[in-house]
Amino acid sequence: DPLQGQGARKCPPLGLESLRVSDSQLRASSIKRYGLGAHRGRLNIQSGIHDGDFYDGGWCAGHEDRDQWLEIDARRPTRFTGVITQGLNSIWTYDWVTSYKVQFSNDTHTWQPGRNGTEEVVFLGNKDPETPVLNALPTPVVARYIRINPQTWFENGTICLRAEILGCPLPDPNNIYSWENEPVPTDKLDFSHHNYKEMRKLMKKVNEECPNITRVYSIGKSYLGLKMYVMEISDNPGQHELGEPEFRYVAGMHGNEVLGRELLLNLMQYLCGEYTRGNPRVVRLVSETRIHLLPSMNPDGYETAYKLGSELAGWAMGRWTYEGIDLNHNFADLNTALWDAEDNELVPHKFPNHYLPIPEYYTFANATVSPAGHGVGRDRGCCGVWVT
């Protein structure tokens, strides 16, 4: 039920995926080996990729029966509202839990099952190893500990899973230290995830705070019509200056890989603020370099993943463009044309080695080309050092 899912997500993830929940807070009834221990039962954790890797992507029980469990210690009274599960991430085996129960405790000795009225609830789990499945509890439960108790699993596999728990921490009357507020940052940087609308607002704000050294422009639109905005930072924005190097940072090629996006937005704020304060290093950068920052090369993919959230999107949702194109492999191949021209001694009198023309096949109507890659590839606003 989507409405149930929305209700569950009113409480945030405890932090298995983000590592806010430490290894010491995770226990299991049994494990296959240390590399498949309880500390590996974290949503979206990945397996090794080499033959003989000790670690794999998930917790796996050492026995196949209905007495196995993965336990999470929230360390304080918590209003639990939902559970998200995946199967094992592995290139060697296919293992996932298809149904499970949940249990709650305040002391790890007495456990109460999750109920819907008087009946003990069995939740449906996964149908594949990767897709996250959210189950909202019929009624939120306040406790310190929660266990996931597998009931059935893929018939050709074994008991393995990755999980995230949704819950709202509550004040602990027995621990005055738990009432303390979370530490807050001392700088003014806005370090939080920004969707498309919030990204535009932030870029506009930076431009308004530093109008003499910034300019916001677009290099084109995505497949769904979202503009790909660039922040230019220079002492003469909008102008090429003879002999002045130009530098471009590009982020968000894969829409659901968001760290680069946020770092570039923070970089805009930092350069603006430090230039205003007269930081000599930043003043020199702005005065002697023309800087272009493209924080979101794949805005369609980001918005797709953003709407589901990191816990439910999975690793692939939003990675590619709306048309299913991987931008990492979708730039115009200018190298081959240049190398061929050099081999035939056509450079530079018949074939340029600066501002190479886009190959004709790349602009054909039936070419498999994303507007994003096409827009960046054709941008002549700066020469470009590619860092993605």
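Where in the chain is E345 found? E345 is found in the loop between α7 and α8, where helices (H or I, at least four residues) and strands (E, at least two) are DSSP runs numbered from the N terminus.

## Basis of the model

This is a predicted model, in which local features need pLDDT of at least 70 and side-chain atom pairs count only at pLDDT 80 or more, while totals for chains, interfaces and linings use all residues. Residues are numbered from 1 along each chain as its sequence is written, and side-chain values use heavy atoms, with hydrogens and water left out.

## Overall make-up

The secondary structure of the protein comes to eight helices and 14 strands. Of the 388 residues in the protein, 46% are buried, a word that here means under 20% relative accessible area, with exposed meaning over 50% and partly exposed lying in between (1.4 Å probe, protein chains only). The protein exposes about 21,100 Å², and carbon and sulfur atoms supply 52% of that area; accessible areas come from the Shrake-Rupley method with a 1.4 Å probe, and for residues only the protein chains shown count as cover.

Among the contacts in the protein with a separation of 6 or more, 73% are accounted for by residues 24 or more positions apart, a contact being heavy atoms within 4.5 Å.

## The loop between α7 and α8

E345, in the loop between α7 and α8, has a phi near 55°, which is a positive value in a residue other than glycine. E345 counts as exposed because its relative accessibility is 63%. P348 lies in the loop between α7 and α8, and a cis peptide bond with an omega of about -5° joins V347 and P348. As background, most residues other than glycine have a negative phi, and most peptide bonds are trans.

I358 also has its place in the loop between α7 (334-343) and α8 (371-378), and it counts as buried because its relative accessibility is 13%. The C-alpha atoms of I358 and L334 are separated by 7.2 Å, although these residues are 24 residues apart along the chain.

## The loop between β1 and β2

N44 is found in the loop between β1 and β2 and has a positive phi of about 70° although it is not a glycine. With a relative accessibility of 16%, N44 counts as buried.

Y55 is found in the loop between β1 (26-28) and β2 (59-60), and at 37% relative accessibility Y55 counts as partly exposed. Together with Y34 and F54, Y55 makes a nonpolar surface patch of about 330 Å². Patches are made of residues with over 30% relative accessible area and no salt bridge, like charges being joined within 9 Å and nonpolar side chains (Val, Leu, Ile, Met, Phe, Trp, Tyr) within 5 Å.

## Salt bridges

The structure holds 13 salt bridges, each defined as a side-chain nitrogen of Lys or Arg within 4 Å of a carboxyl oxygen of Asp or Glu. D23 is partly exposed, with a relative accessible area of 42%, whereas R42 counts as buried at 3% relative accessibility.

E232 forms a salt bridge with R290, and their closest N and O atoms are 2.7 Å apart. E232 lies in strand β12 (residues 227-233) and R290 in strand β14 (residues 290-294), so the pair ties together parts that are 58 residues apart in sequence. E232 is buried, with a relative accessible area of 0%, and R290 counts as buried at 3% relative accessibility. A network of salt bridges links R215, E232, E246 and R290.

## The positive patch

K197, R200, K201, K221 and K227 gather in a patch of positive charge on the surface. In this count Lys and Arg are positive and Asp and Glu negative, while His and the chain ends are not counted, and the place of a charge is taken as NZ of Lys, CZ of Arg, CG of Asp or CD of Glu. Helix α2 (residues 196-209) gives the most to the positive patch, with three residues. K197 is found in helix α2 and is exposed, with a relative accessible area of 53%.
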